[in-house]
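Please read them alongside the sequence and the coordinates.

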Amino acid sequence: MLRWWHRWRADRFAVRHPFPDQAWQEARSRLPLIRSLSDVEALRLGQRAWHLLHKKRLSIPEESELDLPSRLGLFAQAGLLTLGWDDADAFDAFANVHEVLLLPDVFRRQANDMDEAGVVHEYQDERVGETWYQGPVVLSLADTMASGDWSGFNVIIHEFAHKLDMGNSQDADGFPPLPADMSATQWHRVFTAVWNDLQDHLERGKSPPIDDYAASHPGECFAVCCEYFFTAPQVLADAYPELYALLEHYFRQSPLERLPNTGLVDSLR
């Protein structure tokens, strides 16, 4: 019954809001991540992005202009996370997203950390994105426009990965809701091994195989690994093959199969 209701709503939406095919093709041409999809996958993603654009509030700086292809491209990159899931699960996954707030550039927040001696240090933290439970997804517009390629960086995927992570908790803890055919024990074991390896690299003064921001918090580990899974899959698969396979199962996608042969992977190592 619920699946039928979702289908009815989708059909009704399509009639009331005809899909802007020309704008979508322009969005696709601008973004290597989306351009690499098959036509069938791209159409499904485009329709979902169009739906998200209508259902989620997008707040843009007054002095900025963001054309329809750019808006579609933003939500398409968010939707890439759930492309392998059916429509109902994909839409439900972002039920906790109500607004996407774009700020012109990097922004600062007051932060504090406690050191090993128990002393709290306050400082200004510079960020390109942030999100929290039932709050908006906040993105730097400059970094949003710089996302969409195979560089290993994607602030949209990163912040929306936090929203997936918060699907069963008010905090991003690196443990999102899992489908019935996935083991929570296996998830914990694989991510713990990655976490320990990241910490070991840093303790030895070595650069980890992925962005060391992943070693700052379990929730950041999940989000950074999602960035690499979609935008530098070869790097992630080479560094942590068991983790890549785990995310492949979780997302029901194989980004390695879409990776263009451009030599970019070698430059990221």
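What percentage of the 269 residues of the protein chain count as buried?

1. The model is a predicted one, and the remarks below should be read with that in mind. Of the 269 residues in the protein chain, 46% count as buried. The accessible surface of the chain comes to about 13600 Å², and carbon and sulfur atoms contribute 50% of that area.

2. On the overall fold, the secondary structure of the protein chain comprises 13 helices and six strands. Among the contacts in the chain with a separation of 6 or more, 63% are made by residues 24 or more positions apart.

3. The packing of two helices deserves a separate comment. Helix H4, which covers residues 39-55, packs with helix H5, which covers residues 68-79, at an angle of about 105 degrees, and their axes lie 8 Å apart. Because an angle from 65 to 115 degrees counts as roughly perpendicular, H4 and H5 are described as roughly perpendicular to each other.

4. As for the residues that make this contact, H4 contributes Leu45, Ala49, Trp50, Leu52 and Leu53, which meet Leu68, Arg71, Leu72, Phe75, Ala76 and Gly79 of H5. By class, the residues of the contact of H4 with H5 divide into nine nonpolar, one polar and one charged.

5. The structure holds zero disulfides. Cys221 is in no disulfide, and the nearest cysteine sulfur, which belongs to Cys225, is 4.2 Å away; a disulfide would require the two sulfur atoms to be within 2.5 Å. Cys221 is also buried, with a relative accessible area of 2%.

6. What is the distance from the sulfur of Cys226 to the closest cysteine sulfur? The closest one is again in Cys225, at 7.3 Å, which is too far for a bond. Cys226, at 0% relative accessibility, counts as buried.

7. A last point concerns Gln25, which is found in helix H2, spanning residues 21-30. Is Gln25 buried, exposed or partly exposed? With a relative accessible area of 36%, Gln25 is partly exposed, because that value falls between the 20% under which a residue is buried and the 50% over which a residue is exposed. The C-alpha atoms of Gln25 and Gly46 are separated by 9.0 Å, although these two residues are 21 residues apart along the chain.

Note on methods: Residues numbered from 1 in each chain as written. Predicted model: local features only at pLDDT ≥ 70, side-chain atom pairs only at ≥ 80, totals over all residues. Heavy atoms only, no water. Buried < 20%, exposed > 50% of the residue type's maximum accessible area, 1.4 Å probe, protein only. Axes fitted to C-alpha atoms, helices over the stretch in contact; angles between N-to-C directions. Helix = DSSP H or I, 4+ residues; strand = E, 2+ residues; numbered from the N terminus. Parallel < 35°, antiparallel > 145°, perpendicular 65-115°, else oblique. Contact = heavy atoms within 4.5 Å. Nonpolar A, V, L, I, M, F, W, Y, C, P; charged D, E, K, R; others polar. Areas by Shrake-Rupley, 256 points an atom, 1.4 Å probe, with all protein chains shown as cover.
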